[in-house]
Amino acid sequence: MLQGSLLWKVKARGGSRARLFRLQEDGVTVCFEGRFRRARSPQSFSVALIEAVREGRRSEGLRKHGAAFPERHCFSLAFKGRRKNLDLAARGEEDARHWVQGLTKLMGRLQAMSQMEKLDQYPSRRGLGTGWGRLRVTPGGSLARCSWIHGVLQRADRNKDNKMSFREVKNMLRMLNIDMDDVYASKLFKECDHSGNERLEGRELEEFCRRLLRRPELEELFGRYSGEDRVLSAEELQDFLRDQGEECSLRQARAIIRTHELNDKAKQQDLMMLDGFMMYLLSAAGDILNQEHTKVHQDMSQPLSHYFISSSHNTYLTRNQVGGSSSTEAYVRALRAGCRCVELDCWEGSDGEPVVYHGHTLTSKILFRDVIESIRDSAFEKSPYPVILSLENHCGLEQQATMARHMKAILGDRLLTQPLQGQDPQNLPSPEQLKEKILVKGKKLPELWQEPQGVTSLLDPEEEEEEEEEEEEEKVQERSPRRSLQSLQEIKPLQAKDASQVSPELSALVVYCQAVPFPGLAQALRHPRPCQVSSFSERKARKLIKEAGPALVRYNARQLSRVYPLGLKMNSANYNPQEMWNAGCQLVALNFQTPGYEMDLNAGRFLPNGRCGYVLKPPCLHSPPGEGSRRLALHIRVITAQQLPKLNRDKGSSIVDPFVRVEIHGVPADCAKQQTHHKLNNGFNPRWEETLRFQVRVPELALVRFVVEDYDSTSCNDFVGQFTLPLPSMRQGYRHIHLLSKDGASLSPATLFVHVRVKSL
């Protein structure tokens with residue numbers, strides 16, 4: 001990989017072009033030559049941005065356009081966020097294997113490394129050169145005793161002239177695990193280049209490092225615990241951790257010092273310097289998210305109805321639902337994001353093959369078979385817990401049978417086709433019991449109609465027609481809002497004549513998720529049917545919540561319910577999922593392709609429990625009424641932000657005027673928001689020191705959303721970044737918050753630094 005390999009880049013619209021791909025010496029950056037407007041231009045990407053490496057022709061692009069290359073020569077790189085896949089083919093099987101295994105190993109290593117290990121991968125503690133050995137930077141004691149930086153400087157100084165160009169400075173920052181924004185790095189470089197020769201040397205470089213690494217608020221915090229000697233003993237670190245609300249023995253405090261301290265002599269004496277303290281607070285140990293919650297930590301043996309389940313609406317779409325494209329990659333992305341219930345709108349296709357698309361619109365069509373193959377390949381990459389296929393079926397009997405054959409052939413033993421042995425029919429099985437199983441949600445024939453000659457519509461005709469017309473009416477408005485509702489009559493004949501019937505082959509695959517019209521709360525509570533699922537538009541769900549909220553909570557304690565976005569939304573807009581979760585609805589389906597606060601809340605809801613897509617509902621939503629919730633006072637002191645992204649990189653003067661808003665999303669009485677004042681022209685290290693206070697009545701349902709925006713006095717404020725998490729997963733004390741972009745991608749190195757205090761009322 002360091003030597004470079006000739007790889008063919010397979011284009012999304014067909015065709016391929018050979019490029020030389022080479023791993024850089026930092027072990028993180030891959031460079032290749034691209035083309036921009038017919039001119040060759042170097043391009044690169046970071047291994048840290050790769051979500052997954054997929055062998056063979058498993059991407060949609062390689063399935064369609066990679067036939068010219070042998071299967072074992074092909075692989076795809078799927079990136080975090082919304083960046084498109086990179087589909088590649090090597091000259092030989094060995095080359096492909098080197099890149100697949102190499103990138104996978106580098107990704108794992110980056111993920112597992114501590115801050116200290118990332119520094120240790122460079123020869124920064126041996127062979128210190130004389131040129132950089134004299135450097136001493138002392139921002140409040142910060143780099144004075146850190147000999148490790150000298151070796152990093154020597155390695156970054158490629159031409160060994162004891163001067164640093166901007167490119168060499170950027171290389172140094174990577175070695176120090178400082179992912180500094182180019183705009184800020186360039187600005188700081190120019191301000192320190194007093195000689196004007198585009199090189200930093202001696203005192204110029206000292207000034208650069210001092211200004212780069214200085215965090216006055218952390219120096220002050222360190223000083224409060226370390227005293228005048230500016231060195232933190234294990235006992236003093238123990239005091240700090242106790243004030244953080246963490247149980248910590250002296251032995252654990254020493255272990256933290258050994259993990260995060262950079263100075264060998266200090267480490268040997270169980271002492272922590274300011275640099276080590278900063279490393280500790282910037283590591284996962286100083287994150288606002290409880291790190292125990294990054295693993296599956298909840299009881300997974302309760303019935304499915306006791307969990308919130310991450311769910312997607314119109315999963316196949318990559319953009320809006322009127323003219324956007326359908327793609328199997330949309331399923332891959334949703335499943336990798338932890339989604340456990342995906343939707344397939346199935347329609348009659350040519351050559352006897354059913355297709356998936358947003359019917360009667362300009363959205364493109366994809367084969368049902370290809371969707372099932374993609375789901376098979378990605379279903380359990382990120383979570384072992386069950387995946388539900390929510391079928392919206394518009395196919396005739398023949399193609400329904402084809403759908404059933406494809407699912408059985410492609411999914412094999414993973415497809416659940418029979419009730420679990422010994423399972424109580426009065427209760428749904430648990431996620432633990434259904435591990436690595438795929439469930440089908442759809443209509444089911446009564447048992448006596450399972451034979452082929454019994455093919456028929458399975459519900460009372462009037463009841464079924466009313467339910468289907470309501471959903472179809474919304475779909476029609478969704479697809480073509482300007483048409484009158486009479487267009488429903490025009491559209492219906494276009495689907496298969498027997499689409500309202502169910503084939504026995506497809507019916508046989510529906511076990512625990514039988515789709516039925518909602519019978520009404522009174523009947524449903526009198527005669528619960530745990531294996532039946534009803535779907536509600538957001539409008540109908542709100543109506544039920546308003547008129548009979550407590551009864552809906554009881555219904556959702558025994559049965560699954562699915563909520564989907566209302567029609568008339570050409571741009572695939574979402575609704576606020578929190579009000580549906582408050583009522584215990586499990587399958588709260590959102591358009592995953594549409595970024596916004598709604599998807600931020602969804603990501604926050606499913607952030608804990610190892611992001612496995614299942615989160616146990618609080619006891620008040622699945623158990624008999626017991627003790628009331630414990631009311632809390634939540635105080636959040638917003639202290640500083642670091643390296644906020646520049647919103648308009650084309651404008652040299654486009655520096656943000658940031659402010660921070662904290663939002664509480666929960667039961668109606670808890671919903672609140674407060675914000676700091678804005679800071680003029682400072683996105684590098686703004687400081688607020690403002691405390692925002694909230695009272696939370698039902699903390700177990702509350703989500704906390706931190707939002708940074710760019711203040712604008714004449715128009716709407718611009719979004720900068722956000723992070724959302726459940727209140728029960730939030731740690732107290734001094735914490736860093738790593739901000740995310742609109743589409744959920746990391747905005748590293750952008751962070752907030754806050755102090756959190758929670759007390760019972």
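**Cores**

I started with the largest nonpolar core, which has 61 residues. Leu344, Ile375, Leu389, Leu391 and Met407 have the most contacts inside it. Helix α20 (residues 538–558) gives the largest share of this core, six residues. My note on terms: a nonpolar core is a set of buried Ala, Val, Leu, Ile, Met, Phe, Trp, Tyr and Cys residues joined through side-chain atoms within 4.5 Å. Buried is under 20% relative accessible area, exposed is over 50%, and partly exposed is in between (1.4 Å probe, protein chains only). Helices (H or I, at least four residues) and strands (E, at least two) are DSSP runs, numbered from the N terminus.

This is a predicted model, where local features need pLDDT of at least 70 and side-chain atom pairs count only at pLDDT 80 or more, while totals for chains, interfaces and linings use all residues. Residues are numbered from 1 along each chain as its sequence is written, and side-chain values use heavy atoms, with hydrogens and water left out.

I then looked up Leu389. Leaving out residues up to four places away in sequence, Leu389 touches Val342, Leu344, Ile372, Ile375, Met407, Leu411, Ile438, Leu439, Val440 and Lys441; contact means heavy atoms within 4.5 Å.

**α8 on α12**

I checked how α8 (residues 216–226) packs with α12 (residues 274–282): the angle is about 110 degrees and the axes are 10 Å apart. Axes are lines fitted to C-alpha atoms, for helices over the stretch in contact, and angles run from 0 to 180 degrees between N-to-C directions. So α8 is roughly perpendicular to α12 (65 to 115 degrees; under 35 is roughly parallel, over 145 roughly antiparallel, the rest oblique). From α8, Leu218, Glu219, Leu221 and Phe222 meet Leu274, Phe277, Met278 and Leu281 of α12. I sorted the contact of α8 with α12 by class and got seven nonpolar, no polar and one charged residues. Here Ala, Val, Leu, Ile, Met, Phe, Trp, Tyr, Cys and Pro are nonpolar, Asp, Glu, Lys and Arg charged, and the others, Gly among them, polar.

**α13 on α14**

Next I took α13 (residues 328–336) and α14 (residues 368–378), whose axes come within 9 Å and cross at roughly 25 degrees. That makes α13 roughly parallel to α14. Thr328, Tyr331, Val332 and Leu335 of α13 make the contact with Asp370, Val371, Ser374, Ile375 and Ser378 of α14. I get five nonpolar, three polar and one charged residues there.

**α7**

Last, I looked at α7 (residues 203–213), where eight of eleven residues are buried. Glu204, Glu206 and Glu207 are among them.
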